Structure formats: structure tokens, C-alpha cells
Amino acid sequence: IGMAEAGIYGLSHNLAMILNILTTSINNAFAPWIYQRLKEEKYRDISSVCNKLFLFVAVALAFMMAFSPEVISILAPSEYYDAVYVIPPLAISLYFMFMYQIFANVEFYFEKNKFIMLASIFSAGFNVFLNYIFIKKLGYIAAGYTTLVCYVILGISHYIFSDKVAKKCIKDNIHLFDIKIVIGISCILMIFGLIMLLLYKNLLLRYGLILIMCMIFFIKRKDIYKFIVSIRR
């Protein structure tokens with residue numbers, strides 16, 4: 001629909017993907033650990049650590065969404081400010097991208113890789129299809145939401161398949177991931193993203209919410225420190 005729109009969307013996409021470095025690094029470090037736990041049949045360790053990882057990534061993305069107007073104002077002129085409205089769906093997409101990477105580790109370990117290829121091809125094709133329909137109707141901002149929809153589908157489908165793989169390959173017939181916690185964190189992050197969209201033009205309320213978040217972090221600083229140390233271990 002235009003080079004200007006592509007430029008604005010490109011800025012928001014690049015900003016959101018900055019934290020992709022963090023999530024990819026976490027998964028690269030986590031993959032050998034989960035392989036070792038699967039090999040040693042210490043299945044119950046996986047769920048508790050994954051819950052911490054999902055929460056850690058969600059909090060990091062929440063802060064990025066909260067401060068995205070300031071970041072965009074530093075990186076680009078005022079004409080690019082509307083890029084801020086694409087960041088929440090893209091940031092939440094990054095959470096679901098991280099989610100499916102975690103689930104896919106189980107599929108890689110048990111050498112059930114065909115679904116990864118099929119799911120990726122389907123999601124990419126569906127993304128192109130949604131973009132073709134909605135970008136013309138709703139503008140470039142629609143691309144952020146079509147990306148989110150496709151990563152949600154990818155995350156859910158990988159959970160379902162990884163759970164089936166685990167049931168088939170593990171004698172204990174247990175669930176490796178606590179899906180209730182995962183869904184809870186996902187819903188809270190989506191609600192937070194919606195709140196940020198409503199508050200981007202209200203500086204006072206947004207800063208008030210950021211202040212509350214910082215106060216919670218200060219009060220819980222010891223628990224957070226233990227939490228980060230446990231993740232590093």
C-alpha cells in the first residue's frame with residue numbers, strides 16, 4: 001500500500017524483534033538442558049523451569065511495550081510515531097514465537113520433525129493470505145495482528161503436537177508443560193498489550209502504570225533476584 005507505510009511498519013518490526021535476541025539466546029541455552037532432562041527422565045523439572053522462562057519473557061516484553069513510545073521517539077522522527085501501535089501485537093507475537101520454540105525442542109529430541117516443517121509452511125502461507133485481505137482494508141497496522149494470529153496458531157499447534165509426541169514416547173504418559181500457566185501468562189500479556197494501546201496517548205496513566213510495575217519489582221526484588229538466578233542455573 002506504499003513505501004511510507006512499509007517504512008513505518010519496518011521500524012516497529014525491527015524494534016519488536018530486538019528482544020528476539022534475548023528469546024533466541026534463552027532457547028539456545030535451554031535446549032541442551034531439556035534434552036538432558038528428557039534423557040534422564042526427569043520430566044517434572046521441565047514444567048517448573050518453563051513456567052519461569054515464559055514469565056520472564058512476558059515481563060520483558062511488557063516493559064518493551066510500555067516504553068515503546070519513548071524508544072521510537074529516540075530512534076525516529078515524529079512522522080514515525082504511529083509505529084507504536086504495531087508494537088504490542090508484534091511483541092506478543094514474539095512471546096508465542098518463543099513458546100513454539102520451547103515446545104519444538106521436544107519434537108526435535110524425539111526426532112518428530114515433519115510437523116515443524118508443515119506447521120511453519122502453513123503459518124507462513126496463512127500469514128500471506130491474511131495480509132492480502134486485511135492490509136488493503138485496514139492498513140499496515142493489520143500486518144501486526146495477522147502476524148500475531150499466525151504465531152498464536154503456531155504456538156498452540158506445537159503444544160498439541162509436542163504433547164502427543166510426549167504421550168507416545170514417554171511411558172509415564174505425563175504432560176511436560178503446564179498449559180494452564182502458559183495460557184494464564186499469555187492472556188495477561190495480551191490484556192496488558194491492549195491496555196498499552198489505550199494508554200499510548202495518555203502519558204499520565206501510562207507512567208502511573210509503569211510506576212506501579214517498578215514498585216512491584218522493587219518490593220519483590222529479592223524474589224526476582226532468586227528467580228533470575230534459578231533461570232541462569
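Me: In which helix is I183 found?

Reply: I183 is found in helix α7, which spans residues 179–199, where a helix is a DSSP run of H or I of at least four residues, a strand is a run of E of at least two, and both are numbered from the N terminus. The model is a predicted one, in which local features need pLDDT of at least 70 and side-chain atom pairs count only at pLDDT 80 or more, while totals for chains, interfaces and linings use all residues. Residues are numbered from 1 along each chain as its sequence is written, and side-chain values use heavy atoms, with hydrogens and water left out.

Me: Is I183 buried, exposed or partly exposed, and what is its relative accessible area?

Reply: The general idea is a scale of relative accessible area, on which buried means under 20%, exposed means over 50%, and partly exposed lies in between (1.4 Å probe, protein chains only). I183 has a relative accessible area of 46%, so I183 is partly exposed. As for its place in the fold, I183 and I156 are 27 residues apart in sequence and 9.9 Å apart in space, taken from C-alpha to C-alpha.

Me: What radius of gyration does the chain have, and what would a compact globule have?

Reply: The radius of gyration is taken over C-alpha atoms, and the globule rule is 2.2 Å times the number of residues to the power 0.38. With 233 residues, a compact globule would have a radius near 17 Å, and the chain, at 19 Å, agrees with that. Taken along the principal axes, the C-alpha atoms of the chain fill a box of roughly 55 × 45 × 25 Å. A contact means heavy atoms within 4.5 Å, and among the contacts in the chain with a separation of 6 or more, 79% come from residues 24 or more positions apart.

Me: At what angle do α5 and α6 pack, and how far apart are their axes?

Reply: Two packed helices are described by the angle between their axes and the distance between the axes. The axes are lines fitted to C-alpha atoms, for helices over the stretch in contact, and the angles run from 0 to 180 degrees between N-to-C directions. Helix α5 (residues 114–138) and helix α6 (residues 141–169) pack at about 155°, with their axes 8 Å apart. That makes α5 roughly antiparallel to α6, given that angles under 35 degrees count as roughly parallel, over 145 as roughly antiparallel, 65 to 115 as roughly perpendicular and the rest as oblique.

Me: How are α1 and α3 oriented to each other?

Reply: Helix α1 and helix α3 (residues 44–75) pack at an angle of about 125°, with their axes 11 Å apart, and the two are therefore oblique to each other. In this pair, L11, L15 and A16 of α1 meet M64, S68, V71, I72 and L75 of α3. By class, that contact has seven nonpolar, one polar and no charged residues, where Ala, Val, Leu, Ile, Met, Phe, Trp, Tyr, Cys and Pro count as nonpolar, Asp, Glu, Lys and Arg as charged, and the others, Gly among them, as polar.

Me: Which residues of α1 and α4 meet?

Reply: Helix α1 (residues 3–16) and α4 pack at about 35°, with their axes 9 Å apart. Y9, S12, H13, L15 and A16 in α1 meet I87, L90, A91 and L94 in α4, and by class this contact has seven nonpolar, two polar and no charged residues.

Me: Where is E41 placed, and what is its phi?

Reply: E41 sits in the loop between α2 (20–40) and α3, and its phi is near 60°, a positive value in a residue other than glycine. At 56% relative accessibility, E41 counts as exposed. For E111, found in the loop between α4 and α5, phi is likewise near 60°, and the relative accessible area of 67% makes E111 exposed.
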